[in-house]
Amino acid sequence: LCPGPRCVPTVTLGSSMLQAGLAVLRDRPVRKGKFFIVHRNDLDSIEYMGTAIDIFDEFYRHHPHGKEPLLCEFVAIELTDKQIRKQHKRTRLSSYRWADIEGVGPKTDKGQQEFAVPGNVRWFLMLCKEHGWIGWFDFMSNVGVNSPTAFTLAYMGDLYAECIIVPQGLFEPATLAVAMSRAWVFQETAFGPLDERGVHCLLACVRALGERVRAGEVDVLLGAFAEAADALARLLARRGWHGFLAVEGVELTTIHDYFFSDCTSGENMVVADMLVQRVGGVAEEKRLSRRQQLQSAYPRDWCLYQKVLAVANQVRQWGFPLSWHVLDYFTRPTSGLEPLISKLLTTRRYEACATVNAFLDAFGVSILNAYGTLQVSFEADREAAVTAVARFILASRHGMEVGAEELLRMAWVRAVAFCREDDGHNGYQIVGIQPTIQEGRRLLGLGTIKGTPILANSRGAPTCYTTASGEVHDVRGILGGRFGLSFSDGVFAGTDGQRYHGFLCNPPPMLAAEGARKIEVFRRVGDPARLPAIVYVTLHSAYGGPPTAQEAAFD
């Protein structure tokens, strides 16, 4: 083995040498095993199989990313399942968004190369070296040691359900928001235990940003704090925050605590005003009334309020009252939330789920959101990227073997049942469905839903729809309001300027049987006719009117 820190990486970058390197990479032995990386100095203290692999000499010496000096200091080792369990406290799995991707050899017509791997590896190598961890890097355990992708994917669900996970965003919070948008990162962070040091680092960062908000730093409120709060809310949502509070028997503020002082609505505006007061250093906060949210009656800085309202509307999509918990508690002088959040993030959340229904109650909506809204480099990966870990948990703990489509069907149904059984929820939503998902699979597990355009009432408000019998029915509630959408001339608009066509649809029988009344659907202006962007399944009694006409279909 090369002597670690004293070695100097040399990468063959000339065209002829690259071709020679490509031949070397192709000629490596095929390996089938569970491979991890360790620092050379820690090798003697670790139990592993066979001989350590000099991953730099075998792979990185022939790859453009071999310029990273730390790579010389690591080797790859194979562990058995027994050795993984025995060294559990020392084992860490990386979770991050790939960046700076490079490969070797000519590019295909799609711009792809053989042996393409990311270059942003230093963060995890540094942590493994500092803490003496046995690390698992997705591509190093696959491409790096020439192990078949299918073999690696087959055991990956087991690892991410059982082992301790280190998302890059825990130690580098600025990277968390970007990583939260990736489908693979969803299942890497939703189910298994996260690293305790990293969680402490993240929460300390959000708390420090909240303190700067209270100190009057408006730029922090609108920038770093808003981004960190959004990412943390997404992380808590995918791990089942609401159900976790119920299991723990903890009572925090409810959505009713954020309504206008004089009516039962307006929570996003009340939270925005609360933050305006805190960044302004008011001695005694006062809850906003409905009248005061108008520009002519607003008692504080209207321009600042509008900017903060955009922050509240962004974070609110991850659920209520979770979104308000993050924005509220982390800008208080003391919050008391950190130990509770730490417990949720550092344990196997699914172990508290004694039944399949309990598992779906905790994770069903987050799985639906992940499938519909998160990004993948290749659409063919979407189902595995979102559902592999969940399907492993169902199979290993509950003896239920299901495919991705069946898992999502169960999630659609159970999400409605959970809302019916929980007084605090009238429905659930999926916001930002990816247009890259092929037609017929955008609402995977739900099938096709049909409905009719949302219409304005006599005052121009979006409260009406055409029934199956051709009459116009008024639900007497603002459709699209929960998403912060405005309405004008038959078109909805978000605070970001995105315009939507709105529809009210009938729920399919499997959801109607559980109590679903209607489904609000919003399609981006200009998108294909059957492509939904926002879906809201509601159980609210106001939506219990006659069936809708069937003039539009979504799937």
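Cys205 is partly exposed, with a relative accessible area of 26%. Partly exposed lies between buried (under 20%) and exposed (over 50%), using a 1.4 Å probe and protein chains only. Cys201 is also partly exposed, at 27%. This is a predicted model, where local features need pLDDT of at least 70, side-chain atom pairs count only at pLDDT 80 or more, and totals for chains, interfaces and linings use all residues. Residues are numbered from 1 along each chain as its sequence is written, and side-chain values use heavy atoms, without hydrogens or water.

Cys201 is in no disulfide, and its nearest cysteine sulfur, that of Cys205, is 6.9 Å away.

Now turn to two helices. Helices are DSSP runs (H or I) of at least four residues, and strands (E) of at least two, numbered from the N terminus. The axes of α11 (residues 241–248) and α15 (residues 338–346) come within 11 Å and cross at roughly 110°. Axes are lines fitted to C-alpha atoms over the stretch in contact, with angles from 0 to 180 degrees between N-to-C directions. The two helices are therefore roughly perpendicular, a label for 65 to 115 degrees. Trp241, Phe244, Leu245 and Glu248 in α11 meet Leu340, Ile341, Lys343 and Leu344 in α15. Contact means heavy atoms within 4.5 Å.

Key:
Disulfide = S-S within 2.5 Å. Parallel < 35°, antiparallel > 145°, perpendicular 65-115°, else oblique.
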